[in-house]
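This report covers fold, interface and salt bridges. Read it with the coordinates open.

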Amino acid sequence: MNGVHDMGGQQSFGPVLLEKAEPLFHANWESRAMAMTVAMGASGQWNIDLSRAARESLPPATYLSSTYYEIWIRGLEKLLLERGMVTQAELEAGQLITPPAKVNKVLTLDTVDAALKAGTPTERPIAQPALFKVGQKVRALNMHPQGHTRLPRYVRGHVGTIVSLHGGHVMPDQHTLRALPPFNVTVEWLYTVVFDGPTLWGVGSDPSVEVTVDAWESYLEATD
Amino acid sequence: MTSHSHDHDHDHSTLSEMDVRVRALETLLTQKGYIDPAGIDRIIETYENEVGPHNGAQVVAKAWAEPVFKAWLLQDATAAIASLGFTGRQGEHMVAVENTTDQHNMVVCTLCSCYPWPVLGLPPVWYKSAAYRSRAVLEPRQVLADFGVALPESTRIRVWDSTAEVRYLVLPKRPTGTDNLSQTDLAALVTRDAMIGTALI
């Protein structure tokens with residue numbers, strides 16, 4: 001989806017504002033929001049791509065006017081509501097009204113360290129050979145899917161060069177197709193592709209700039 | 001890194017509204033049995049006190065001091081970084097990129113806020129801001145100027161947009177005159193922003 005989250009190349013946001021001696025959190029609720037989002041991710045009722053899709057599909061004005069952890073909370077509430085894990089009435093009351101849904105896992109004090117240390121790797125074995133090799137020219141597809149994608153708009157339709165291969169990785173567009181487990185796990189080769197600045201940005205752009213993206217194989221096509 | 005919260009933000013009405021909203025959510029999720037509040041505390045404690053840029057600084061210092069480790073880091077960053085005990089969430093697949101006279105590297109996530117948590121901790125606000133996410137790929141030299149960094153025109157700037165689950169760590173150039181420093185002293189020179197590529201050392 002061509003959402004406002006796809007920000008690469010936009011020009012209206014002003015200078016990067018730096019905060020001296022920035023605290024890790026700017027309010028107590030931010031730390032709770034971060035940790036609850038991490039903990040609920042372990043419930044197995046959605047995956048990282050579904051959680052990104054939930055944030056990215058917030059109304060554009062809401063997304064742009066919310067702080068980072070506000071977006072996380074709005075995304076988390078949306079994921080919970082969509083699955084019937086909480087109701088709107090419960091969110092408003094801050095109290096349980098209906099019985100809980102079944103979840104795969106609850107991150108407890110005893111399991112949290114191991115879970116954070118393990119993470120959620122997305123690399124998977126892949127049997128078929130890679131279509132592209134290092135040094136090869138490829139074009140990022142010009143595509144505008146309705147659903148979730150990780151191919152940013154600013155590279156679409158442009159020709160770049162394969163820098164490296166990362167093995168097989170779970171394909172995010174497919175990973176969001178089913179809202180509940182078992183998720184659609186499609187494994188594709190993942191590449192890093194480099195684009196020249198002038199290829200992306202055209203007239204008057206800085207020739208000393210290059211930009212890379214990490215792209216799944218089906219985002220790319222050969223050029224001849 | 002401070003561990004206490006700051007409630008001095010500019011918009012008190014938004015903050016208090018969010019405070020109420022997040023407290024309500026935590027109560028509800030606890031009553032549902034979906035979360036363990038002690039687990040929530042532990043996650044916060046981990047990123048407030050244990051995981052942060054001091055981890056990445058150790059990686060950089062070791063790479064500066066030990067050529068064999070540096071070669072391993074550039075070849076297989078996930079394994080090399082794991083050998084120091086830094087693994088897991090948002091660092092499952094690591095790549096290290098080396099700054100040289102010819103090429104300066106800079107990391108962004110234009111689509112969200114992907115960032116290598118095990119080595120840098122949680123990202124600062126500017127990294128997640130619309131201004132950085134939008135401009136880093138279009139005009140990195142001007143963005144670097146916002147950080148007070150000016151590079152020679154002959155230095156190529158490569159911006160790494162973290163669009164998948166690969167996370168990038170910039171290996172900054174080792175400053176001159178540091179030949180006699182220990183790894184601990186070297187690590188003390190390494191800043192978070194240098195490992196993102198928005199500062200030099």
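Among contacts in chain A between residues at least 6 apart in sequence, what percentage join residues at least 24 apart? The value is 67%. This is a predicted model.

## Chain A at a glance

Chain A has 8 helices and 6 strands. Read from the N terminus, the order is α-α-α-α-α-α-β-β-β-α-β-α-β-β. The C-alpha trace spans about 60 × 45 × 35 Å along its principal axes.

Of the 224 residues in chain A, 50% are buried. The chain exposes about 10100 Å². Carbon and sulfur atoms supply 57% of that area.

## The interface between chains A and B

The size of an interface is often given as the accessible area lost when the parts come together. For chain A and chain B, the buried area is about 7700 Å². Carbon and sulfur atoms give 61% of it. In chain A, the residues that lose the most area to chain B are Val16(A), Leu24(A) and Arg32(A). Together they account for 9% of what that side buries. The contact takes 88 residues from chain A and 85 residues from chain B.

Polar pairing across this interface comes to 43 residue pairs in polar contact, both partners at pLDDT 80 or more. Several elements of chain A each supply at least two residues to the side that touches chain B, among them helix 1 (28-41), helix 4 (68-82), strand 3 (159-170) and strand 5 (209-216). Helix 1 of chain A gives the largest share of that side, 11 residues.

## Helix 2 of chain A

Helix 2 (48-56) is also one of the elements that supply the side of chain A touching chain B. It is mostly covered: 8 of its 9 residues are buried. Asp49(A), Leu50(A), Arg52(A) and Glu56(A) are among the buried ones. What do the buried residues of this helix pack against? Within chain A, the partners are helix 1, helix 3 (60-65), helix 4 and helix 7 (172-175). From chain B, strand 4 (166-171) joins them.

The N-terminal end of helix 2 is capped by Asn47(A). A side-chain oxygen of Asn47(A) lies 3.0 Å from the backbone nitrogen of Asp49(A). Asp49(A) also takes part in a network of salt bridges with Arg52(A), Glu165(B) and Arg167(B).

## Salt bridges between the chains

How many salt bridges are there over all chains? The count is 24. Between chain A and chain B it is 9.

In one pair, Asp113(A) meets Arg42(B), with the closest N and O atoms 2.7 Å apart. This pair crosses from helix 6 of chain A to helix 2 (residues 37-50) of chain B. Asp113(A) is partly exposed at 34% relative accessibility, whereas Arg42(B) is buried at 14%. Another pair joins Arg141(B) to Asp206(A), with the closest N and O atoms 3.0 Å apart.

## Salt bridges within a chain

In chain A, the side chains of Arg139(A) and Glu221(A) form a salt bridge at 3.8 Å, N to O. Arg139(A) lies in strand 2 and Glu221(A) in strand 6 (residues 220-222), so the pair ties together parts that are 82 residues apart in sequence. Both are partly exposed: Arg139(A) has 31% relative accessibility, and Glu221(A) has 33%.

In chain B, Lys70(B) and Glu98(B) form a salt bridge, with the closest N and O atoms 2.6 Å apart. Lys70(B) sits in helix 4 (residues 67-75) and Glu98(B) in strand 1 (residues 93-98), 28 residues apart. Lys70(B) is partly exposed at 26%, and Glu98(B) is partly exposed at 29%.

## Selected single sites

Is Lys62(B) buried or exposed? Lys62(B) counts as buried because its relative accessibility is 18%, and the cut-off is under 20%. Lys62(B) belongs to helix 3 (residues 53-65) of chain B. Leaving aside neighbours within four places in sequence, Lys62(B) contacts Phe69(B), Leu84(B) and Gln183(B).

Gln128(A) sits in the loop between strand 1 (123-124) and strand 2 (137-140) of chain A. It is partly exposed, at 43% relative accessible area. Beyond neighbours within four places in sequence, Gln128(A) contacts Val187(A) and Trp189(A).

On the surface, Leu181(B), Leu189(B) and Ile201(B) form a nonpolar patch with about 200 Å² of accessible area together. Leu189(B) is in helix 10 (residues 183-189) of chain B and is partly exposed at 32%.

Key. Residues numbered from 1 in each chain as written. Chains lettered and ligands numbered in written order. Predicted model: local features only at pLDDT ≥ 70, side-chain atom pairs only at ≥ 80, totals over all residues. Heavy atoms only, no water. Patch = residues over 30% accessible without salt bridge, like charges linked within 9 Å, V, L, I, M, F, W, Y side chains within 5 Å. Areas by Shrake-Rupley, 256 points an atom, 1.4 Å probe, with all protein chains shown as cover. Salt bridge = Lys/Arg side-chain N within 4 Å of Asp/Glu carboxyl O. Helix = DSSP H or I, 4+ residues; strand = E, 2+ residues; numbered from the N terminus. Buried < 20%, exposed > 50% of the residue type's maximum accessible area, 1.4 Å probe, protein only. Contact = heavy atoms within 4.5 Å. Buried area = accessible area lost by both parts, 1.4 Å probe. Polar contact = N/O pair within 3.5 Å; in protein donor to acceptor, adjacent residues only side chain to side chain.
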